[in-house]
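Me: I have a model open here and a few questions about it. Can we go through it piece by piece?

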Amino acid sequence: MAKFVYTFGNGKADGDGTKKELLGGKGANLAEMTAIGLPVPPGFTLTTEVCKAFYDNEQAYPKGLTEEVDKALKKLEKQMDKGFGSSENPLLVSVRSGARASMPGMMDTVLNLGLNDETIKGVISQSNDARFAYDSYRRFIQMYANVVKGMDGEIFSEILAQKKDDRKVELDTDLSAIDLLQLVGEFKVCYQEHLGEAFPEDPMQQLWEAIGAVFGSWMTPRAVTYRKLHEIPADWGTAVNIQGMVFGNMGDDCATGVAFSRDPSTGENYFYGEYLVNAQGEDVVAGIRTPQPINRAKHKEGDLPAMEDVMPDSYAQLADIRTTLEKHYKDMQDIEFTIEKGRLYMLQTRTGKRTAQAAIRIAVDMVEEGLISEKEAVLRVDPDQLDQLLHPSLDPKAEKNVIAKGLPASPGAASGQVVFNADEAEEQTRLKKQVILVRIETSPEDIHGMNAAEGILTARGGMTSHAAVVARGMGKCCVSGCSAIKIDYEKQQFVTKSGQLVKRGDFITLDGSAGEVMIGIVPKVEPEVTGMFAHFMAWADKFRRLKVRTNADTPHDSKVARDFGAEGIGLCRTEHMFFEGDRIQAVREMILAENLEGRKQALAKILPMQKGDFLGLFREMKGLPVTIRLLDPPLHEFLPQTDDDVSELANAVGVRFSEVKSHVDSLHEFNPMLGHRGCRLGITYPEVYDMQVQAIMEAACELVKDEGFSIVPEIMIPLVSHVNELKILRANAIKIADEVCASYGVEVDYLIGTMIELPRAALTADAVAREAEFFSFGTNDLTQTTYGLSRDDAGHFLPDYIDNGVLKKDPFVALDRRGVGELVKIGFERGRSTRPELKVGICGEHGGEPSSVEFCHEIGLDYVSCSPYRVPIARLAAAHAAINEK
């Protein structure tokens, strides 16, 4: 018979840290901490299998669960020496979620469960503190109403705020026992008015309804959104942890806190965290009170007293536990603790969420400390996380008007228009606007807006608040606890202490590294890959086999990519060059020409421009391979579409408006993606490709002859579907290339290959390889033609496919291994069967997506090519693939 409940306490546990799939991350780590002798309040865990059964059986529990829970509860009563429901010495419990993957703030928690009008008497007599007892009771009612019954928690917060106003006090802790007793009564009345039922007095009813609510929270919109963002499967389910309560709100010798064994923003090796005296856990995370630092390492004048000074014995014990946990787990830990009457308890440990900057520093430091190997360090950093490091930061030379300062909760820089709710942040982002989400404090319901926004600004909350933790996990810039602003949701504005008014739609800039808020848009500077990042990436390069090139069309992009470690250009799109400056006019003259002679005259104007382009690319990529794709898009893309623009072109080329208009209309295609483009243009207008090949080879020959370069240009012919297309165009290219080499009196090796982006080309790759010296899989178009989807239009309905489980991922984001990937594999294998030395890579956007890079490694491709800013991501993903393969 399946075991659904695992107990832990007093140094013994049924489970351990290896059972995360069954016990969830929290349950497994509570068991592990118990087993290694740390002070953990006893309790028990309902497994993830219960959650699966709960959803598979219309929210009914599996047979035998009730008996297992009863047995575990009796064991817990014995361990705590208290009785659940006792009016003399009552046992109170917490009910918490715990999925196998950390989901900070997304799931539900209920504290102080077991309180009612009878057990409260026992709490008062045992604690000899009526104020503490009623404070716990009012918290329980509010949490139960919100989590279990779905009431808006703000309703109770407003009643609490009114009570503080009436008593003319600022903090919850300033309310008396009588005040809190009255609040309990007011909360119960509010509960009954809103729900039409009395607050439940039966502790067992409370327990089972809370368990159901925690399992139910697995499918709340915020949890579903978080899982999508972090690719956590829905069928994993969550565990539920029931644990004996320990209290941080029993007086001034009690406290609660959250800490990280290292700084989660920078990775610095110092004990980082916050705590509150006389409080419960949600007070720290929610930012209801301003938390205090746990140590004096970064203490500044004006800061509240550190735990190290206020509770030195507890702090020393906590610091020792920090060291124990890091040595045990060999990773940075995120811990929660409570101090009850001077006694420290550990409520949670988990691998801490961190920024990319912190991830790299922690990985490198832990290697130097002997905790982990270089290989383990490389695997510690998620390739996608590097994206945070590869974007601009504020220009230190730029003028900036700082209007407020808060806490530097998550590093980076962001500019955007102010919005005050998550839904609008998401909507404005859909409209291609950049926004900053401004909230008094964020809650799990804001997750979708936080993901959409460029950055997040909150008026309340500390460095371990919901906003800070979630933003760091997402790599979003965040300034939290900015008490210098007063937010008015109704008026859609905020005012700073200096009187600066900022309204919805105004632009502001955040510096998450400094905690600064600036009015307007502040210029940014490009990132640099130096220092510890370069050191870390050198380790990654040591383990990978797959080469990483870049998709670049300009010397600037080429330099950026080379600085990021690119090993050549895998795709230069020559059509991008055609749009620049005065050359678009020559391109249009070529298209409008009535005969071959007219086209050649126009192409003669373009030739020196193209040659200049290629000189710049070859110089920037000196010593590295450069693949240049010949013209790919249909000609109509280069022509004006509006009558005004057509008229302007007609005047410029000296042709009547009607003739130009007629020519533009004649080039219209119903499906241009499958129309007269790519090599089809080369067959119809060979002079276009001849000019491009001449420009490529002249640039190469000039550099070889005059500057001593060693260059092997790779000329790529696009959109081939039949080997005969390639045969004709290859012969033309060889003729031109050899003529250019002869005219310069130098020998330059060159390769002619093709882009495999049509299913037929992949299926007949053995024939195509007879005429190609390299293949580059254009997975963007190959995905379009395999699925029969337009990438430009599919964005409107592909989200529905993801939501309904038709597809797990957008196939334009992550390579579809089963379909498109199979064509890549077939094309690769058939091509190599004809030409064993065939060089093969991919150059679609998939070349910078980690799971797609892994696939390319697995099937044995030579390289991937991606946009410049994704080069480090591809390098690290290739290293992961190689390490995990072994």
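Me: Is Cys478 buried or exposed?
Reply: Cys478 counts as buried, because its relative accessibility is 0%. Buried means under 20% relative accessible area, exposed means over 50%, and partly exposed is in between, with a 1.4 Å probe and protein chains only. Bear in mind that this is a predicted model: local features need pLDDT of at least 70, side-chain atom pairs count only at pLDDT 80 or more, and totals for chains, interfaces and linings use all residues. Residues are numbered from 1 along each chain as its sequence is written, and side-chain values use heavy atoms, with hydrogens and water left out.

Me: How many disulfides are there in the whole structure?
Reply: The search finds 0 disulfides, taking a disulfide as a pair of cysteine sulfur atoms within 2.5 Å.

Me: Change of topic. What is the strand order in the open sheet of 6 strands?
Reply: The order is S2-S1-S3-S6-S4-S5, with antiparallel pairing. Two strands pair if DSSP finds at least two bridges between them. Strands here are DSSP runs of E, at least two residues, and helices are runs of H or I, at least four residues, both numbered from the N terminus.

Me: Which are the edge strands?
Reply: Strand S2 (12-13) and strand S5 (109-113), each of which pairs on one side only.

Me: How many bridges join S4 to S6?
Reply: 7 bridges join strand S4 (residues 93-99) to strand S6 (residues 238-244), and the two run antiparallel. One of the partners is Thr238 in S6, bridged to Ala99.

Me: Which helix packs on that sheet and touches S1 and S2?
Reply: Helix H1 (residues 20-35), which touches S1, S2, S3, S4 and S6 and makes about 120 degrees with the direction of S4. Contact means heavy atoms within 4.5 Å; axes are lines fitted to C-alpha atoms, for helices over the stretch in contact, and angles run from 0 to 180 degrees between N-to-C directions. Helix H8 (residues 203-216) lies across S3, S4, S5 and S6, at about 145 degrees to S6.

Me: Where is Asp263?
Reply: In the loop between strand S7 (255-260) and strand S8 (272-277). Asp263 counts as buried because its relative accessibility is 7%.

Me: What does its side chain reach?
Reply: The side chain of Asp263 reaches the backbone nitrogen of Ser265 at 2.8 Å. That is a polar contact, meaning N or O atoms within 3.5 Å; within protein, one must be able to donate a hydrogen and the other to accept it, and residues adjacent in sequence count only if both atoms are side-chain atoms. Leaving aside neighbours within four places in sequence, Asp263 is in contact with Glu268, Tyr270, Tyr272 and Ala358.

Me: How many residues are in the largest nonpolar core?
Reply: It has 132 residues, and Phe614 and Phe775 are among those with the most contacts inside it. The largest share, 11 residues, comes from helix H26 (residues 686-707). A nonpolar core is a set of buried Ala, Val, Leu, Ile, Met, Phe, Trp, Tyr and Cys residues joined through side-chain atoms within 4.5 Å.

Me: Last one: where does Glu771 lie?
Reply: In the loop between helix H29 (765-768) and S30. Glu771 is buried, because its relative accessible area is 16%.
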